[in-house]
Amino acid sequence: MMLESQRLVLRPLSADDAPALHDLMLRNRNFLKPWMPASTDETYTLEFQSNDIAWRAEQWQQDRAYSFGIFLKPAHSLIGRINISQVVRGAFLNCFLGYWLDQAHNGQGIMSEAVRTICPFVFEQLGLHRIEATTLLHNHGSQRVLAQAGFRDEGTALNYLQIDGRWQDHKRFALTREDWEAWLQRQS
């Protein structure tokens, strides 16, 4: 499975990608710390990254989660990840969106492009109806990414996630298939 946009290729990571992911994580450890759940030194080992890639492949096979590496064209260098997780079927048809990007590529519209690229996969290929995403209250860049893809702000969730070792409030965003179709109409 490979998704493409003008500047990006989104594809599942393979065992061969573990060294590049390991390097990316090491380079961005301090940058990502305030935005991620607390981690240990083990998280930043090649073995951990290899195991994580394998675990995410299992989640894909079980229709629980779908993880993609974000690769910059034309060199296809790994610069981040975008994940669809907590897939719920039945009457809900919902999932959660999460993502992160190499610090060197922030502020260039890359994550906005990645989010817009993954939405058709969620709605058309997975057949889901709703995507949810949350951001820390002060993560204005991520909030812009979601707004630019048509997500609507659904309010604040207090003490929502433990990020960087403490429970923090988050803004909640959502995009339904109907919202996405209306957003596409406005773009054309």
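Me: Helices (H or I, at least four residues) and strands (E, at least two) are DSSP runs, numbered from the N terminus. With that settled, in which loop is Pro-74 found?
Reply: Pro-74 is in the loop between β3 (66–72) and β4 (77–88). This is a predicted model, in which local features need pLDDT of at least 70 and side-chain atom pairs count only at pLDDT 80 or more, while totals for chains, interfaces and linings use all residues. Residues are numbered from 1 along each chain as its sequence is written, and side-chain values use heavy atoms, with hydrogens and water left out.

Me: What makes the peptide bond from Lys-73 to Pro-74 cis?
Reply: Its omega is near -5°, and the bond is listed as cis. Most peptide bonds are trans.

Me: Why is α4 described as largely enclosed?
Reply: Buried means under 20% relative accessible area, exposed over 50%, and partly exposed in between (1.4 Å probe, protein chains only). Twelve of the 16 residues of α4 are buried, so the rest of the structure largely encloses this helix. Among them are Ile-110, Met-111, Val-115, Ile-118, Phe-121 and Phe-123.

Me: How do you know that the reach of α4 is close to the expected one?
Reply: The expected span is 1.5 Å times one less than the number of residues. For α4 (residues 110–125), with 16 residues, the expected value is 22 Å, and the helix reaches 22 Å from its first C-alpha to its last. After the helix comes Gly-127, with a positive phi near 70°.

Me: What is the phi of Asn-159, and what is that of Asp-164?
Reply: Asn-159, in strand β7 (residues 152–163), has a positive phi of about 45° although it is not a glycine. Asp-164 is not a glycine either, and its phi is also positive, about 50°. Most residues other than glycine have a negative phi. Asp-164 sits in the loop between β7 and β8 (166–176).

Me: Why is Asp-164 called partly exposed?
Reply: Its relative accessible area is 27%, which falls between the two cut-offs for buried and exposed.

Me: How many aromatic pairs does the structure hold?
Reply: The structure holds seven. Rings of Phe, Tyr and Trp (its six-membered ring) pair if their centres lie within 6.5 Å; planes under 30 degrees apart count as stacked, over 60 as edge-to-face and the rest as tilted.

Me: Why is the pair of Trp-60 and Tyr-66 called edge-to-face?
Reply: The ring centres are 4.7 Å apart and the planes stand at 65°, so the pair is edge-to-face. Trp-60 counts as buried at 18% relative accessibility, and Tyr-66 does at 7%.

Me: What makes the pair of Trp-180 and Trp-183 stacked?
Reply: The planes are 15° apart, with 5.2 Å from centre to centre. Both residues lie in helix α6 (residues 177–187), three residues apart, about one turn of the helix. An α-helix has 3.6 residues a turn, so residues three or four places apart point the same way. Trp-180 is buried at 4% relative accessibility and Trp-183 at 10%.

Me: Which residues do ring pairs link into a cluster?
Reply: Trp-60, Tyr-66, Phe-68 and Phe-121 are linked this way.

Me: Why are α1 and α3 called oblique?
Reply: Helix α1 (residues 18–27) and helix α3 (residues 46–61) pack at about 120°, with axes 9 Å apart. Angles under 35 degrees count as roughly parallel, over 145 as roughly antiparallel, 65 to 115 as roughly perpendicular and the rest as oblique. α1 and α3 are therefore oblique.

How values were computed:
Axes fitted to C-alpha atoms, helices over the stretch in contact; angles between N-to-C directions.
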